[in-house]
Amino acid sequence: MLGYLAAGANHFYNPQSYYRIIPSYLPFPVVLNALAGFFEILFALMLIRPKTRKVASWGIVLLLIAFLPVHITMLTDAPLKVGNLLVTPTIAWARLLLQPVLILWAWWHAKL
């Protein structure tokens with residue numbers, strides 16, 4: 001929950017980092033970044049209450065799937081600077097391979 005809350009807040013604190021990794025074929029990167037941050041924060045807060053936890057888990061699954069093009073773009077553009085982090089091809093591969101694990105983890109929680 002805290003990870004999604006922090007990640008969502010970072011979309012507003014450091015938006016320039018995210019604009020660089022949104023694929024160029026997607027329109028309105030500023031709006032997409034704000035929506036991503038908003039929904040990460042919303043779903044993180046929804047994870048707190050048992051009544052909204054299942055919906056939040058499904059929302060996170062969908063969000064993580066929607067983020068796949070970003071991680072593929074990071075891989076194809078690596079090495080690149082995202083904020084203070086230098087994303088090397090190794091880091092980009094690790095992040096891309098972590099995405100299905102995170103999706104499965106959120107899906108598992110949605111099934112509880």
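How do the axes of helix 3 and helix 4 cross, and within what distance do they come? In this predicted model, the two axes come within 8 Å and cross at roughly 150°. Angles over 145 degrees count as roughly antiparallel, and helix 3 and helix 4 are therefore roughly antiparallel to each other. The crossing in which helix 3 passes helix 4 is left-handed. On the side of helix 3, the contact is made by Ala36, Phe39, Glu40, Phe43 and Met46; helix 4 contributes Thr52, Arg53, Val55, Ala56, Gly59, Ile60 and Leu63.

Helix 4 comprises 17 residues (residues 50-66). At 1.5 Å a residue these should span 24 Å, and the end C-alpha atoms are 25 Å apart, which agrees. The buried residues of this helix are Ala56, Ser57, Gly59, Ile60, Val61, Leu63 and Leu64. Their cover includes helix 1 (2-13), helix 3 (29-46), helix 5 (68-77) and helix 6 (89-111).

The largest nonpolar core has 13 residues, of which Phe43, Ala56, Ile60, Leu64 and Ala106 touch the most other members. Two or more residues of this core come from each of helix 3, helix 4 and helix 6. Helix 4 gives the most, with 5 residues. Leu64, not counting residues up to four places away in sequence, touches Tyr4, Gln99, Leu102, Ile103 and Ala106.

Terms used:
Residues numbered from 1 in each chain as written. Predicted model: local features only at pLDDT ≥ 70, side-chain atom pairs only at ≥ 80, totals over all residues. Heavy atoms only, no water. Helix = DSSP H or I, 4+ residues; strand = E, 2+ residues; numbered from the N terminus. Expected span 1.5 Å × (residues − 1). Buried < 20%, exposed > 50% of the residue type's maximum accessible area, 1.4 Å probe, protein only. Contact = heavy atoms within 4.5 Å. Core = buried A, V, L, I, M, F, W, Y, C linked by side-chain atoms within 4.5 Å. Axes fitted to C-alpha atoms, helices over the stretch in contact; angles between N-to-C directions. Parallel < 35°, antiparallel > 145°, perpendicular 65-115°, else oblique. Left-handed = near helix turned anticlockwise from the far one by under 90°.
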